[in-house]
Amino acid sequence: MKTFKMLCLAVAALAPVATFAQTLYVRPTPPTRDPHTPGYVTATELPDGEVPSADVDGNFIIGPTHHPAPEMFMQTNIPHGTVYEFTMSSADSKFYPGIARDKGTFGTPATNDPAILIVTTSHPAPYTRHVAVYVPAQYVPGTPAPFIVGADGPDRLLFTNLDNLIAEKKVPAMVAISIGNGSGDAQGSERGLEYDTMSGRYAEFVEQEVLPLVESKCHVTLTRDPDGRATMGGSSGGSCALIMAWYHPELYHRVLTYSGTYVNQQWPHDPATPGGVWDFHEHLIPENPPRPIRIWMEVGDRDLFNPNIMRDDMHDWVVANERMAGALAAKGYHYQFIFARNAGHVDHGVKQQTLPEGLEWLWKDYQPEAH
């Protein structure tokens, strides 16, 4: 990892110096990472254009060509689900009454610890979030439906994908709940507070404030079986997906992430998890008994690298995902990890190529409840 450390120092030297509350700078261009770098997990390299089987666990390298899977296109000869949409106001939330960070501002690392970001420009602010819910045509009213909760919604490609996969009987007839964030990004923002906080709060918000609305407005019954509940997301939405299952494994057993932000982006700082989501692969997974979580992960070779002013060696998305795969393997988790060549952050082409297989793998061992 000596070469990586030198690269960190080189990028840090080129980055502009941050002021106290403002960081108007150009993000450094992420370098293209080699999946065979020392310290990265050993992975099976697949022929270009192929994705791994939904029947196997482990680490895989794909790319560099990313053609959409057939299931990403709408078909006319299959049943189509119904999409319901509604909004939620911050004024009605006991969990997230709303914050925002002033435009054009970010924060400053603490002088005694670069892993702590001081943000002085965050303040209460209202928001409205959009929620879209896909109910498959095959849903039988009154029966408990398996479901997947997605961050940064609405994700309409997911709905098309599910139409096809359900018709092909590759996944169960599940409800998809695609929840918009409360706006902003990273530390001091509503989205950052929701997605990067290491606690069960967001899962509790979904459980108590979102799911009851879904059941009443969309005329569905959602399963209480954690094995029939999944989470998914990209970037910080990906870290949120894992956080939901980690802190509430009695609610969720399945997680799917693209370019998961398994880095130090938690705010406010919490001494219980000083590295934020980085602590998953640094401490939490290695030092705890395995939780009943099945996780599918992806990262791109040009994924994010140190895109802010913190020089804490905990802001490389590729390294974070590689470390996550290694930690999961060491503890015997069921996981599938894809390293995508010729791919950026939450790469659209990679998602179109891999999401059908990822969802099929995620639900492979699911046994529906007996009615």
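How far apart should the ends of helix α8 be at 1.5 Å a residue? The 15 residues of α8 (residues 348–362) should span 21 Å, and the end C-alpha atoms are 20 Å apart, which agrees. The expected span here is 1.5 Å times one less than the number of residues.

Before the close-ups, a word on the model: it is predicted, so local features need pLDDT of at least 70 and side-chain atom pairs count only at pLDDT 80 or more, while totals for chains, interfaces and linings use all residues. Residues are numbered from 1 along each chain as its sequence is written, and side-chain values use heavy atoms, with hydrogens and water left out.

View 1. Helices (H or I, at least four residues) and strands (E, at least two) are DSSP runs, numbered from the N terminus. Buried means under 20% relative accessible area, exposed over 50%, and partly exposed in between (1.4 Å probe, protein chains only).

**View 2. The open sheet.** Look for 10 strands in the order β1-β2-β16-β15-β14-β13-β10-β11-β8-β3, with mixed pairing. The edges belong to β1 (44–45) and β3 (82–89), each with a single partner strand, so one side of each has no neighbour in the sheet. Two strands pair if DSSP finds at least two bridges between them. Strands β13 (residues 229–234) and β14 (residues 254–258) run parallel over 5 bridges, and Met 232 sits opposite Leu 256 in β14.

**View 3. Arg 254, inside strand β14.** Arg 254 belongs to β14 and is buried, at 1% relative accessible area. A polar atom of the Arg 254 side chain lies 2.7 Å from the backbone oxygen of Asp 227. Setting aside neighbours within four places in sequence, the contacts of Arg 254 (heavy atoms within 4.5 Å) include Arg 294, Leu 362 and Trp 363. Trp 363 is 109 residues away along the chain, yet the two C-alpha atoms are separated by 7.8 Å.

**View 4. Ser 239 in helix α5.** Here is Ser 239, in α5 (residues 236–247), buried at 0% relative accessible area. The Ser 239 side chain reaches the backbone oxygen of Tyr 195 at 3.4 Å.

View 5. Most residues other than glycine have a negative phi, and most peptide bonds are trans. The bond from Gly 63 to Pro 64 is cis, with omega near 10°, and Pro 64 sits in the loop between β2 (58–62) and β3. Trp 267 and Pro 268 are also joined by a cis peptide bond, with omega about 0°. Lys 169 has a positive phi near 60° and is exposed, with a relative accessible area of 74%. Ala 186 has a positive phi of about 65°, but counts as buried at 8% relative accessibility.

Methods: A polar contact is a pair of N or O atoms within 3.5 Å; within protein, one must be able to donate a hydrogen and the other to accept it, and residues adjacent in sequence count only if both atoms are side-chain atoms.
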